[in-house]
Amino acid sequence: MARAARVTDPKDQPPAPQEQDGRRLRSIDSRARIVKAMLELIEEGVMAPGAEAVAGRAEVGLRTVFRHFKDMESLYREMSDVMEAEVSAFSKTPFKSTEWREKLVELVDRRAYAFERIAPFKRASDIHRYKSEFLDADNSKLVVALRRILQREMPPEILADTTTFEALDLLLSFETWSRLRREQGLSVKRAREVLANAVRKVAG
């Protein structure tokens, strides 16, 4: 007696290559939209956006957010990568001047631009970094990276003069920029002027 042919359920079949590619592209798109949504919310002043707000802005389901990011700290890691790229861009740009004092003024302008770009995320991360090892380490990494740029461009006599160097490092920090912009209420232009004059006086 002939054996009956086995009927295969289409659902038992592995996805076709084209279907797999489509799913992968949709997943990449969803992840990018979630990251973009998080950045937008923070830039708008929402310092601690929840998963529901992120899902709504990205126009994806709440389950999709948690599928891509196991917790909100994982999402902050993605944010950090995006903001790190902003700082990296200006740090790799060649200086126009070859004289170190003028390089200091260029650093003021470069950091003003970069700090304005990263300010919302930096303030958001500062809210959470005391309970997040990643965000705390990320803050330390930023401080070290900015300090190394200054060390790289300063002459030996400034590096040897630790008082002057530490003062310059402070003046060119995010914290100083944030204080001038928020607590002291200066415009970007005025804050740049104040810092440029200050680094010139400290450098001598």
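Just after helix α9, Gly185 takes a positive phi of about 70°. This value, like the others in this report, is computed from a predicted model. Helix α9 runs over residues 174–183.

The buried residues of α9 are Phe174, Thr176, Trp177, Ser178 and Leu180. Among the elements that cover these residues are α5, α8 and α10.

## Overall fold

The protein has 204 residues, and 40% of them count as buried. Its secondary structure consists of ten helices and zero strands. Read along the sequence, the pattern is therefore α-α-α-α-α-α-α-α-α-α.

Contacts can also be sorted by how far apart the partners are in sequence. Of the contacts with a separation of 6 or more, 63% are between residues 24 or more positions apart.

## The nonpolar core

The largest nonpolar core has 52 residues, of which Ile34, Val54, Met79, Leu104 and Leu150 touch the most other members. Two or more residues of this core come from each of α1 (17–43), α2 (51–58), α4, α5, α6, α8 (162–171), α9 (174–183) and α10 (188–203). The largest share, eleven residues, is supplied by α5.

Apart from neighbours within four places in sequence, Met79 is in contact with Val35, Met38, Leu39 and Phe121.

## The largest pocket

The largest pocket has a volume of about 320 Å³. It is lined by 19 residues, and those closest to its centre are Glu84, Val87, Asp138, Lys141 and Leu142. Three helices, α4 (72–91), α5 (100–128) and α6 (133–153), each supply at least two residues of the lining. The largest share comes from α6, with eight residues. Sorted by class, the lining of the pocket holds eight nonpolar, five polar and six charged residues.

Leu142, one of the residues closest to the pocket centre, is placed in helix α6. Is Leu142 buried or exposed? Its relative accessible area is 15%, so Leu142 is buried, the limit for that class being under 20%. Not counting residues up to four places away in sequence, Leu142 touches Val87, Ile118 and Lys122. Val87 is 55 residues from Leu142 along the chain, and the C-alpha atoms of the two are separated by 8.7 Å.

## The cavity

How many cavities of 30 Å³ or more does the structure hold? There is one. The space in the largest cavity comes to about 30 Å³. Its lining is made up of Leu107, Val108, Arg111, Ala112, Phe115, Leu171, Leu172, Ser173, Trp177 and Leu195.

Helix α5 gives the most to the lining of the cavity, with five residues. By class, the lining divides into eight nonpolar, one polar and one charged residue.

Arg110 is found in helix α5. At 13% relative accessibility, Arg110 counts as buried, because the class covers values under 20%. A polar atom of the Arg110 side chain lies 2.8 Å from the backbone oxygen of Pro94. Leaving aside neighbours within four places in sequence, Arg110 is in contact with Phe90, Thr93, Pro94 and Phe95.

Glu153 is found in helix α6. With a relative accessibility of 13%, Glu153 also counts as buried. The side chain of Glu153 makes a polar contact of 2.8 Å with the side chain of Arg152. Which residues is Glu153 in contact with, leaving aside neighbours within four places in sequence? They are Phe95, Trp100 and Lys103.

Note on methods:
Residues are numbered from 1 along each chain as its sequence is written. This is a predicted model: local features need pLDDT of at least 70, side-chain atom pairs count only at pLDDT 80 or more; totals for chains, interfaces and linings use all residues. Side-chain values use heavy atoms; hydrogens and water are left out. On a 1 Å grid over the protein atoms alone, a cavity is a set of points where a 1.4 Å probe fits but cannot get out, and a pocket is an open set with protein on both sides within 12 Å along at least five of seven lines; lining residues have an atom within 4 Å of a point. Grid points are joined across faces, edges and corners, and a volume is the space filled by probe spheres set on the points. Helices (H or I, at least four residues) and strands (E, at least two) are DSSP runs, numbered from the N terminus. Ala, Val, Leu, Ile, Met, Phe, Trp, Tyr, Cys and Pro count as nonpolar, Asp, Glu, Lys and Arg as charged, and the others, Gly among them, as polar. A nonpolar core is a set of buried Ala, Val, Leu, Ile, Met, Phe, Trp, Tyr and Cys residues joined through side-chain atoms within 4.5 Å. Buried means under 20% relative accessible area, exposed over 50%, partly exposed in between (1.4 Å probe, protein chains only). Contact means heavy atoms within 4.5 Å. A polar contact is a pair of N or O atoms within 3.5 Å; within protein, one must be able to donate a hydrogen and the other to accept it, and residues adjacent in sequence count only if both atoms are side-chain atoms.
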